[in-house]
Amino acid sequence: DIWRAYLTQIIPETSDSEFKWKEFAERINSDILGNLGNFYNRVFTFIKNKFDGSIKKPKDLEFDAKDKELIASLEKRGAKITEYLESAEIRKAFFEILALSSDGNKYFNDCEPWKVIKKNPDEVNRRLYLCANLARALSIFVSPFMPSIAERAWKQIGLKGNVNDDGNWDSFSKIDLEKFSLGEIKILFKQIKDEDIEKYKEVVSNGIEL
């Protein structure tokens, strides 16, 4: 999946591209692990540690300005991702997914759930419920690019069926699930180190299976 992610970012749509090993590692470590993987990990870990792995739909979905900004971002960027894919603008769609993940990380940081939970756990439940919904949407959006990662994330969120089931894409912006009961949490991406690059080079040159 990480090969697909990098190749998507350099795919030659209007001009020639060149595969660069250093850039491959840097982009995976920053864009994929540091952005998308970081969002998944911090949301799942917080839910697991502070809410026993289960987030319920708030009784009163009264959203504040931060919540509304995240919801608007999901709706706007989700529409763009769909539009770009329908017009075969693959790179634009992928970069929009990463931008949405960045919005999620910013929301998480700005809300500071690690501080607020001590005095207002209900507020943090609402914040994490929205984050879980965003994680669900990101899994749907990522599925054409990184299908294995998308499916693993889908299972970790505790969702039924498969990420590519009919109707999932059209429902990416719906915020109506009664709860999220997380499955087993595992790191979705690992950092690419110099020794990993050497291994990958050997794979490419000799056709060895990973």
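## Pockets, core and salt bridges

Fifteen residues, given as 15 in the count, line the largest pocket, and Ile2, Arg152, Leu188, Lys190 and Tyr200 are the ones nearest its centre. The model is a predicted one. The volume of the largest pocket is about 340 Å³. Helix 1, helix 7 and helix 8 each contribute at least two residues to the lining of this pocket. By class, that lining consists of nine nonpolar residues, one polar residue and five charged residues.

The second largest pocket holds about 250 Å³ of space. Its lining is made up of 14 residues, with Gly158, Leu159, Lys160, Leu177 and Lys179 nearest the centre. Helix 7 and strand 2 (179-181) each provide at least two residues of the lining of the second largest pocket, and strand 2 gives the most, with three residues. The lining of the second largest pocket divides into five nonpolar, four polar and five charged residues.

The largest nonpolar core has 63 residues, and within this core Leu128 and Met146 touch the most other members. At least two core residues come from each of helix 1 (2-10), helix 2 (21-50), helix 3 (65-86), helix 4, helix 6 (121-142), helix 7 (147-157) and helix 8 (194-206). Helix 6 supplies the most to the core, with 13 residues. Leaving aside residues up to four places away in sequence, Met146 is in contact with Asp1, Ala5, Ile32, Leu36, Phe94 and Phe189.

The structure contains 13 salt bridges. Side chains of opposite charge can pair when their charged atoms come close.

| Salt bridge | N to O distance |
|---|---|
| Arg126 and Asp64 | 3.5 Å |
| Arg77 and Glu96 | 2.5 Å |
| Arg77 and Asp103 | 2.6 Å |

In the salt bridge between Arg126 and Asp64, the closest N and O atoms are 3.5 Å apart. Arg126 belongs to helix 6 and Asp64 to the loop between strand 1 (54-56) and helix 3, so this pair ties together parts that are 62 residues apart in sequence. Arg126 has a relative accessible area of 12% and is buried, whereas Asp64, with a relative accessible area of 27%, is partly exposed.

Arg77 forms a salt bridge with Glu96. This pair links distant parts of the chain, with Arg77 in helix 3 and Glu96 in helix 4, 19 residues apart. Arg77 is partly exposed, at a relative accessible area of 23%. Glu96 counts as buried because its relative accessibility is 10%, and the limit for buried is under 20%.

Arg77 also meets Asp103 in a salt bridge. Arg77 in helix 3 and Asp103 in helix 4 are 26 residues apart, and this pair too links distant parts of the chain. Asp103 has 22% relative accessibility and therefore counts as partly exposed. Elsewhere, salt bridges that share partners join Asp64, Asp67, Glu123, Arg126 and Arg127 into one network.

Glu112 sits in the loop between helix 4 (90-111) and helix 5 (113-116). Its relative accessibility is 29%, so Glu112 counts as partly exposed. Glu112 and Arg127 are 15 residues apart along the chain, and their C-alpha atoms are separated by 9.7 Å.

Terms used
Residues numbered from 1 in each chain as written. Predicted model: local features only at pLDDT ≥ 70, side-chain atom pairs only at ≥ 80, totals over all residues. Heavy atoms only, no water. Helix = DSSP H or I, 4+ residues; strand = E, 2+ residues; numbered from the N terminus. Buried < 20%, exposed > 50% of the residue type's maximum accessible area, 1.4 Å probe, protein only. Core = buried A, V, L, I, M, F, W, Y, C linked by side-chain atoms within 4.5 Å. Contact = heavy atoms within 4.5 Å. 1 Å grid on protein atoms, 1.4 Å probe; cavity = no way out; pocket = protein on both sides within 12 Å on 5 of 7 lines; lining within 4 Å. Points joined across faces, edges and corners; volume = space filled by probe spheres on them. Nonpolar A, V, L, I, M, F, W, Y, C, P; charged D, E, K, R; others polar. Salt bridge = Lys/Arg side-chain N within 4 Å of Asp/Glu carboxyl O.
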